[in-house]
Amino acid sequence: MIAQYEGYDHGCSQVLFGDAASGMNAEELGGMNVMLITAEGTLVTPGLSGTILDGVTRDSILTVAGDLGLATDVRPITLAEIFEGIAQGHFVEAFACGTAAVITPVGEFRTKEGNYPISQDAGPHTLAIRNRILDIQYGRVEDTHSWMVKAV
Ligand SMILES: Cc1ncc(COP(=O)(O)O)c(C=O)c1O
């Protein structure tokens, strides 16, 4: 919560947390999982390290990304790699994901060293993934993975 309030003081709505051991690796974005998209169309997200929640939205997006033709790369990713990658045009979209918000695009990362704007609005891959998840949830497309469960 301290980090979150520090973020608010700097005009940020969420905080990108580093790992507790080294502080170098990206873990989660607020209470959500974090994902990035490269210019080549690969979805990158940190691997489950033991301190990253195995979110159902994260898991679903990794599947849906494949359906949409994106490659997926699940691995440790350092904060430095994210910021340098954005500055160099390698990462072109970023978003947080979780059940409550589904997908929330990131406009800019702010650090002590500088700001890293990534996207003004939700990028095309972010939108496509979000729409596919919502279309499955609302029954607008075929549920090819048998995720939907009849409740009544
Ligand atoms: C710490 C944390 N990370 C990630 C998530 C997202 O998980 P899910 O997609 O299962 O909602 C949550 C959801 O509450 C969470 O609390």
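Biologist: What radius of gyration does the protein chain have, and what would a compact globule with 152 residues have?

Modeller: A compact globule with 152 residues would have a radius of gyration near 15 Å, and the protein chain agrees, at 16 Å. The radius is taken over C-alpha atoms, and the globule rule is 2.2 Å times the number of residues to the power 0.38. This is a predicted model, where local features need pLDDT of at least 70 and side-chain atom pairs count only at pLDDT 80 or more, while totals for chains, interfaces and linings use all residues. Residues are numbered from 1 along each chain as its sequence is written.

Biologist: How many helices and strands does the protein chain have?

Modeller: Helices (H or I, at least four residues) and strands (E, at least two) are DSSP runs, numbered from the N terminus. The protein chain has four helices and nine strands, in the order α-β-β-β-β-α-β-α-β-β-β-β-α from the N terminus.

Biologist: Which strand does β1 join, and in which sense, parallel or antiparallel?

Modeller: Two strands pair if DSSP finds at least two bridges between them. Here β1 (residues 16–18) and β2 (residues 26–29) run antiparallel, joined by two bridges. L16 has L29 in β2 as its bridge partner.

Biologist: Where does β3 come in?

Modeller: Strand β3 (residues 32–38) pairs with β2 over two bridges, again in the antiparallel sense, with N33 in β3 opposite E28. β2 and β3 form a hairpin with two residues between them. In the turn, G30 has a positive phi of about 60°.
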